[in-house]
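Subject: Structure for your reading

Dear colleague,

Please find below the structure that I promised to pass on to you. My notes on what was found in it follow directly after it.

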Amino acid sequence: MFEYAPAPESRSIVSIRPSYDLFIDGEFVEAKSDERIVTINPADEEPLAEVAAAGEADVDRAFTAARRAFERVWSPLPGAERGKYLFRIARIIQERARELAVLESLDNGKPIKETRDVDVPLAAAHFIYHAGWADKLAHAGFGPSPRPVGVAAQVIPWNFPLLMLAWKIAPALATGNTVVLKPAETTPLTALAFAEICQEAELPPGVVNILTGAGGTGRAVVAHPDADKVAFTGSTEVGREIARAVAGTGRRLTLELGGKGANIVYDDAAMDQAVEGIVSGIFFNQGHVCCAGSRLLVQESIAEELLAKLRTRISRLRLGDPLDKNTDIGAINSAAQLDRIRELAAAGEAEGASGWSPACPIPERGYWFPPTVFTGVTQAHRIAREEIFGPVLSVLTFRTPEEAVAKANNTPYGLSAGVWTEKGSRMLWTASRLRAGVVWSNTFNMFDPASPFGGYKESGYGREGGRHGLEAYLD
Amino acid sequence: MTDKTDPLRVAVRRTYKLYLGGAFPRSESGRSYPVTSAKGLHLANAALASRKDVRDAVVAARKAFPGWSGRTAYNRGQILYRIAEMMEGRRAQFAEESAAAEGVSRARAEALVSAAIDRWVYYAGWADKIGQVLGGANQVSGPFFNHSEPEPTGVVGILAPADSPLLGLVSVLAPVITAGNTAVLVASEHHPLSAVTLAEALATSDLPPGVVNILTGRLSELAPPLAGHADVNALDLTGAGDHAPALEEAAATTLKRVLRPGPDDWTDADPGVSRIRRFLEIKTVWHPVGS
C-alpha cells in the first residue's frame with residue numbers, strides 16, 4: 001500500500017465568527033431566546049462557533065417576516081425575476097465554493113473531497129436547475145396557472161447541511177414561496193454562510209429566514225400556525241411525530257426519512273465495479289446517508305470471492321483528517337451519533353453476526369468509527385432492520401432473484417436500492433419489483449437536481465428534484 | 001313483496017352482503033343494519049361489518065396487489081371498461097336504488113348512473129397513459145440513463161363519499177385501481193346499497209378477486225382500524241367527515257399517504273390525474289451509459 005504525505009486543504013479560506021445571530025427578514029438579529037449552542041468540529045472536538053437557539057418568539061418573528069415577504073414581494077414578483085435571484089445565488093455559491101467546502105468539512109466532519117466535489121457543486125446545481133423553472137411553472141403539469149403554497153417551514157438534517165438546504169430552498173423559492181428553515185443543531189455554519197449569500201444576492205428581506213437551534217426550535221418551526229407547508233428531512237421517528245402534529249391542520253407535508261437500502265449483487269455482475277459501488281454505497285459520507293446501501297445482498301455462489309475483494313478494497317480506505325484531500329472516511333458527525341453506531345454494532349455481535357474492520361489507525365481526538373462489515377447476518381438481526389446511519393455494512397446472501405427481491409423489500413423503509421448485473425432484462429425485472437423510490441443499477445449514490453428523489457412506505461412521501469419535486473410547493 | 005308484473009308471484013329479494021376477496025360473505029360478526037330511503041322507508045338490511053372484516057379485507061387486498069399491479073396497463077384498462085359494460089347492463093337496478101337512496105327523480109337518477117358508467121370509461125382510458133404523463137426521462141448532468149415512472153402505492157383504504165353513493169363512489173374508486181392499487185372501500189354508511197350492487201357488477205367484470213373489497217357498516221367502527229392498519233399504504237378520507245383529523249393522525253403512525261377531504265365536484269367529467277397521482281409513487285432508475 002502506498003504511503004501518502006498529508007495533503008490538507010487550508011482552512012484559512014474560511015473566517016468563522018465566534019458567535020452568530022439568527023437570520024430574520026434579511027438581517028442577522030439577536031435572538032430573544034437566551035439559549036446558545038456551541039457547534040464543534042467533530043474531527044478534533046474543538047468548538048467552532050456559538051449560535052443562537054431560536055425560541056418561540058424568534059420563530060414568530062421569522063414567520064411574520066416570511067408571510068410579509070410572501071404577500072408583498074415574492075409571490076407577486078414575475079417568475080423570470082425570481083429565477084434571476086436563484087441564478088445569482090447559484091453563482092455566489094460557485095464563487096465561494098472552496099470556502100463553503102472547507103466550512104462544511106469543518107462543521108460536519110465529512111471529507112473535503114466530498115464537500116468539494118459533491119455537496120457544494122450539487123447545491124449550486126439545484127439553484128440553477130430551479131431558477132430555470134421559476135418562469136415555466138405553467139408547463140410543469142400542475143395546471144395552467146399553479147400558485148405557490150405560501151410560507152414553508154423546513155427542517156433539515158446534519159448529513160448534507162448545505163445540499164439539503166438547497167434541496168429545500170431552491171424549489172420553494174422558484175415556485176414563489178418564502179421559507180423559514182432550521183438547520184441541524186450540529187451543523188449550522190453553512191446555513192449561516194448561505195444567509196450571507198442571500199444578503200450578497202440582495203434577495204428581498206424575509207424570503208429566506210434561517211433559525212438555528214435544536215429539537216425544540218424544530219418543533220416550534222413545524223408546528224407554527226402560520227406555516228402553510230412543512231418539509232422535513234430526517235429520521236422516520238421524527239417524521240411520524242411531525243405527520244401527527246400536522247394531521248387535521250390542513251397544512252401540506254412532505255417527508256424524506258430513513259432507509260435501509262438493499263444493494264443486490266447477482267452472480268454475473270462486473271465484480272470490480274460492484275465492489276466500488278458497494279463501497280460508495282455504504283462508506284460515502286461515513287454512511288451518514290439516508291439512501292445508503294446498508295444491506296448487501298450477494299448471490300451465494302459469488303459471496304466468498306466478492307467479500308474477499310471487498311475486504312481488500314476497504315483495507316485501502318483512508319480514514320482521518322476530513323480536510324486532507326486523500327481522506328476517504330471522515331469523522332462521525334457527533335458523539336450522540338457515534339454512540340448509536342457503537343450500540344448497533346455491539347447488537348450485531350451480540351445477536352450472532354460477526355463484524356470485521358480493517359486495521360486502520362483512529363485519531364486520538366474526535367469521533368471516529370472504522371469501516372465495518374458484518375457477515376452471518378440474518379433478516380431478524382437489528383443491524384439488518386434498523387438504520388445505523390454509519391459506516392456499517394450488513395451482508396446477507398440469496399440464491400434466486402425472487403429471494404433477492406423478497407429480502408430487499410422486507411423492510412418498512414423504501415428509499416433506495418441497488419442492482420448489479422450485466423443482464424439488462426434481469427436489471428429491469430429487479431428494478432421494477434423493488435419497492436424503493438430510487439434504484440441505482442450498476443452505480444450507487446448518484447444525485448442530480450433533475451432526478452426526483454424520495455421514498456416509498458415509511459421512508460416518507462413527496463419527491464425532491466425534477467419536475468416531480470415542484471408539486472410539493474404548488475397549489 | 002310481490003312481483004310487479006304478476007301479483008300472484010312472490011318476488012325474490014336480494015341479500016346485500018359484503019364484497020371481500022371476490023366473494024360475498026356476510027359480516028363475520030353476524031350483524032346487519034336497516035337501510036332506509038331518503039323518505040324514510042325501509043329498503044333492505046345491509047351487513048354491519050366489523051373490525052375483523054376490515055382486517056380480512058386488507059389481507060385480501062394485499063394478496064391481490066402483486067397480480068393486479070403486475071398486469072399490463074392495457075389489460076387493467078380493458079377490465080375497467082368491462083366494469084362500465086356490466087353497469088350498463090344493470091342500469092335499471094342502479095337507477096332505482098339511486099332514486100330511492102338519494103331521493104331524486106328517476107330522470108336524475110338515470111343521469112347519475114350514466115355519469116358513473118362514463119367515469120369508468122374515462123379512467124379505463126387513463127390506465128396506459130399515466131406512465132407517460134407522470135413519468136419520463138430526466139436530463140441528469142452525466143453519462144446516465146435516468147428515468148422516472150409512477151408505480152401504484154399499494155393497498156388504499158377509501159372512505160367513500162357519504163352523499164353520493166354511486167357516482168361519488170365510482171369517482172373515488174376508479175382512479176385508485178386504474179393505476180394498479182388495490183382497495184378496501186367503506187361505503188356510504190346511510191346509502192350502502194348501490195355499493196353492493198356495484199360489487200356485483202365488479203364480480204362479473206374479470207376484476208381479479210381482492211382488487212376491490214367493499215364493506216358496509218358504521219364509519220366510526222370501520223374507519224379507525226383501516227387508518228391504523230400497518231398494511232394499508234394510503235388513505236382516501238373523502239367520506240371521513242368529522243373523523244378526518246383523528247384518522248389522519250392514526251395514519252401518521254405508518255406514514256400512510258393521505259388524501260384529505262376536499263371540495264369535490266362529481267359532475268366534472270374530466271377530473272384529470274388529480275386523484276390518480278395521490279396514490280402513486282415515483283420510482284427513479286439510474287444506469288450508467290458507456291461502451
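Strand 9 of chain A is covered on both faces: A:Lys229, A:Ala231 and A:Thr233 on one side, and A:Val230 and A:Phe232 on the other, are all buried. A residue is called buried if 20 or more other C-beta atoms lie within 10 Å of its own, exposed if 12 or fewer do, and partly exposed in between, with C-beta atoms placed from the backbone. Because five of the five residues of strand 9 (residues 229-233) of chain A are buried, this strand is largely enclosed by the rest of the structure. Helices (H or I, at least four residues) and strands (E, at least two) are DSSP runs, numbered from the N terminus.

Please note that this is a predicted model, in which local features need pLDDT of at least 70 and side-chain atom pairs count only at pLDDT 80 or more, while totals for chains, interfaces and linings use all residues. Residues are numbered from 1 along each chain as its sequence is written, and chains are lettered from A and ligands numbered from 1 in the order in which they are written.

Strand 9 of chain A has parallel partners. Four bridges join it to strand 6 (residues 151-155) of chain A, where A:Val155 has A:Phe232 as its bridge partner. Five bridges join strand 9 of chain A to strand 10 (residues 252-256) of chain A, also in the parallel sense, and here A:Lys229 is partnered by A:Arg252. Two strands are said to pair if DSSP finds at least two bridges between them. Strands of a sheet pair through backbone hydrogen bonds, either parallel or antiparallel.

Chain A also holds an open sheet of three strands in the order 1-5-4, with mixed pairing. Strand 1 (19-20) and strand 4 (36-40) of chain A stand at its edges, each with a single partner strand, so one side of each is left without a neighbour in the sheet. Strand 4 of chain A pairs with strand 5 (residues 47-52) of chain A in the antiparallel sense over five bridges, and A:Ile40 stands opposite A:Pro47.

How is chain A divided into domains? The domain assignment, which is automatic or taken from a database, gives domain 1 (11-257 + 457-473) and domain 2 (262-441). The C-alpha centres of these two domains of chain A lie 30 Å apart. In all, 21 residues of domain 1 of chain A are in contact with 25 residues of domain 2 of chain A, where contact requires C-beta atoms, placed from the backbone, within 7 Å of each other. Helix 3 (97-108) and helix 4 (112-133) of chain A are the elements that give two or more residues to the domain 1 side.

Turning to chain B, there are nine helices and ten strands. Its radius of gyration (taken over C-alpha atoms) is 20 Å, close to the 19 Å that the globule rule gives for 291 residues, so chain B is as compact as a globular protein of that length. The globule rule is 2.2 Å times the number of residues to the power 0.38. Of the 291 residues of chain B, 53% count as buried.

The contact between the chains takes 23 residues from chain B and 28 residues from chain A. Which element supplies the largest share of the chain B side? Strand 10 of chain B does, with eight residues. Eight of the nine residues of this strand are buried. Strand 17 (residues 438-441) of chain A pairs with strand 10 of chain B in the parallel sense over three bridges; A:Trp440 stands opposite B:Trp286, and A:Val438 has B:Thr284 as its bridge partner. Within chain B, strand 4 and strand 10 pair in the antiparallel sense over nine bridges, with B:Phe145 opposite B:His287.

Finally, the largest nonpolar core has 191 residues, of which B:Leu173 and B:Val186 touch the most other members. A nonpolar core is a set of buried Ala, Val, Leu, Ile, Met, Phe, Trp, Tyr and Cys residues joined through C-beta atoms within 7 Å. Helix 5 (residues 161-174) of chain A contributes the largest share of this core, eleven residues. Apart from this core lies another, of 69 residues, including A:Val289 and A:Phe374. In soluble globular proteins, nonpolar side chains tend to be buried together.

Yours sincerely,

A colleague

Methods: Contact = placed C-beta atoms within 7 Å.
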